[in-house]
Amino acid sequence: MRERIMKAFMEELQDKGIKFTMDDLARRLGVSKRTLYEHFSSKAEVLDTIIEQTLQESDAKTNEIIEDKSLSLMDKMKAVMTVLPNHFELYDIRILEQMKRVYPEQWVKIDEALKDDWDTLRVLIEQGMEEGTIRRQNAAFIMKVILDAVNSTLDQRFFAQQNISLPEALEAIADVIMYGLVPRDNELTER
């Protein structure tokens, strides 16, 4: 039931923004408010649970990538850049702006994760520079470019209007950052 509640919470969030009520949530699920409160004490607790779950999922996926011996350094870098949690709809600029006003404590958790959860990628980039796999550049600058590009996906409306899914957007961002705009040799021969 907790999973159903969280899924319905995300649907309400997408439909109405952060200001929906527990009555709206109960109605969507076809249950009483009492049933909701048996599982979560408040809307904030549901939101906290979803945030914690998405952050844990992202960390677990990232660790899985790092531990995968079959992946090259470049594959690991690209995979880490494109990690996407299950409730990625939460990471939409309009929802985050509402959350900042209504649920500032929860917003801070997401904001910090969006800014600070990139140490693994930084280590991979520095390793790539040391090994000569990627060009030597200022690592802080490279990280800023990557973070700004990845955080552009927070404008999910833009990507929806362009018929680009979030996974496709992250994949394209990683490709452009890692390989540039100039086609690679194998792409030229595929034409």
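Predicted model: local features only at pLDDT ≥ 70, side-chain atom pairs only at ≥ 80, totals over all residues.
I counted secondary structure first: the protein chain has twelve helices and zero strands.

Next I took the overall dimensions. The C-alpha trace of the protein chain spans about 60 × 35 × 30 Å along its principal axes. I then checked burial: 40% of the 191 residues count as buried.

I looked at contact range. Taking contacts between residues at least 6 apart in sequence, I found that 62% join residues at least 24 apart.

Charges came next. I counted 26 positive and 36 negative side chains in the protein chain. The centres of the two sets lie 5 Å apart.

Then I turned to the interior. Nonpolar side chains tend to be buried together in soluble globular proteins. The largest nonpolar core here holds 30 residues. F9, L13, L25, L47, L90, M99 and I110 touch the most other members. I traced the elements that give two or more residues to this core: α1 (2-16), α2 (22-29), α4 (43-67), α6 (93-102) and α7 (104-116). The largest share, six residues, comes from α1.

Leaving aside neighbours within four places in sequence, L13 is in contact with I18, F20, L90 and I95.

Last, I found another core lying apart from the largest one. This other core has 25 residues, among them M74, M129, L166 and I173.

Conventions: Residues numbered from 1 in each chain as written. Heavy atoms only, no water. Helix = DSSP H or I, 4+ residues; strand = E, 2+ residues; numbered from the N terminus. Buried < 20%, exposed > 50% of the residue type's maximum accessible area, 1.4 Å probe, protein only. Contact = heavy atoms within 4.5 Å. Lys, Arg positive; Asp, Glu negative; His and termini not counted. Charge placed at Lys NZ, Arg CZ, Asp CG, Glu CD. Core = buried A, V, L, I, M, F, W, Y, C linked by side-chain atoms within 4.5 Å.
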